[in-house]
Amino acid sequence: MIPAVETYLAMRRAAGFELLNAGYLLRSFAGFAAARRETHVCIATAIEWASQTATVAQRDERLKTICRFVRYMRAEDDRHELPPSDHFGYRKTRRVPHIYSNAEVRGLMDAALQLKPADSLRPHSFATLIGLLAATGLRISEALTLEFSDIKEDGLLIRKTKFQKTRLVPLHDTARLAIDRYLQRRRRIRSNRTHVFIHNDGRPLRYRDVQATFLKMLKMSDLVSVTGRRPRLHELRHTFAVRALEVSPTGRQRIGQHMLALATYMGHANIYDTYWYLETTPDLLRDIAASSEVFYYGGRP
């Protein structure tokens, strides 16, 4: 079974998937099965192996990893048994994100401009970074890896990122103006690195440093969530997606096209990740409920 696992991993990686955790899990399972002299996946063995971990979520992920492998293998050899993917009854839940208001985004940017040293690049780096995340919905990792060559006339070139995709993200005129103003300051810093966002000493900003500074900015701006939980940096991306959905055009076909365009823009590998944003605000849920009621009584949503 081990050669089959390696073939499967090579095929998926050639398609752009990293599969770091999946590779570790499948090799572990293949070794477990080999110790029992099994050359094909058996449901009982798969479930027993998947059960050897602490949490239900981990067991579910382990079993689903085997299921994906088996579906691939059964195309040529149906002696592999496909385990029930819902055997452990796990259902993933997502934390309801904080949706930032325009005033809150402005407050974070104002707090960034108060960072020390006042006459350094640092305040402008963080103010521009917050504004860019809010205006484009980029992942923080995508923003931090931006280089000068990625800034094009028609937007930002986001190179192979989370799902090995490259896409062009257009910029609003106001966002482009803010980036250009920041770059004037950025180019005054002597650095052999071409990253857009850097420390005062020329080193590229790292996520750990950005997260620590973001927490400081939250305190400076007195920003708290209505849920009582601390707002997160990644929720600027959620906010962008929700606002884009709130201005979705009417008409079933046009809404579908809008969703597909948004999924592509956000760099989602699966459109289900985009549909999830429909659940995140009362306004969107109210629109869904109203359309569902019309459809239920025989109308067209």
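## Overview

Of the 301 residues in the protein chain, 41% count as buried. Keep in mind as you look around that this is a predicted model. The chain is built from 13 helices and 3 strands.

Its accessible surface comes to about 17700 Å², and carbon and sulfur atoms hold 53% of that area.

## The largest nonpolar core

Now for the interior. In soluble globular proteins, nonpolar side chains tend to be buried together. Here the largest nonpolar core has 47 residues, and the members that touch the most others are Ile130, Leu138 and Leu156. At least two residues of this core come from each of helices H5 (102-112), H6 (122-136), H7 (140-144), H8 (173-186), H9 (207-221), H10 (235-246) and H11 (252-266), as well as from strand S2 (155-158). Helix H6 gives the largest share, with 6 residues. On the domain level, domain 2 (102-231) and domain 3 (236-297) each contribute at least three residues to this core.

## A closer look at Leu138

Which residues does leucine 138 contact, once its neighbours within four places in sequence are left aside? On one side of it in sequence are Leu132 and Leu133; the other partners are Ala143, Leu146, Leu156, Ile158, Arg167, Val169 and Arg237. One of these partners, Leu156, is also among the core members with the most contacts to other members.

## A second core

A separate core of 24 residues is also present, with Ala4, Phe32, Trp49 and Ala50 among its members.

Methods. Residues numbered from 1 in each chain as written. Predicted model: local features only at pLDDT ≥ 70, side-chain atom pairs only at ≥ 80, totals over all residues. Heavy atoms only, no water. Core = buried A, V, L, I, M, F, W, Y, C linked by side-chain atoms within 4.5 Å. Buried < 20%, exposed > 50% of the residue type's maximum accessible area, 1.4 Å probe, protein only. Helix = DSSP H or I, 4+ residues; strand = E, 2+ residues; numbered from the N terminus. Domains from an automatic or database assignment. Contact = heavy atoms within 4.5 Å. Areas by Shrake-Rupley, 256 points an atom, 1.4 Å probe, with all protein chains shown as cover.
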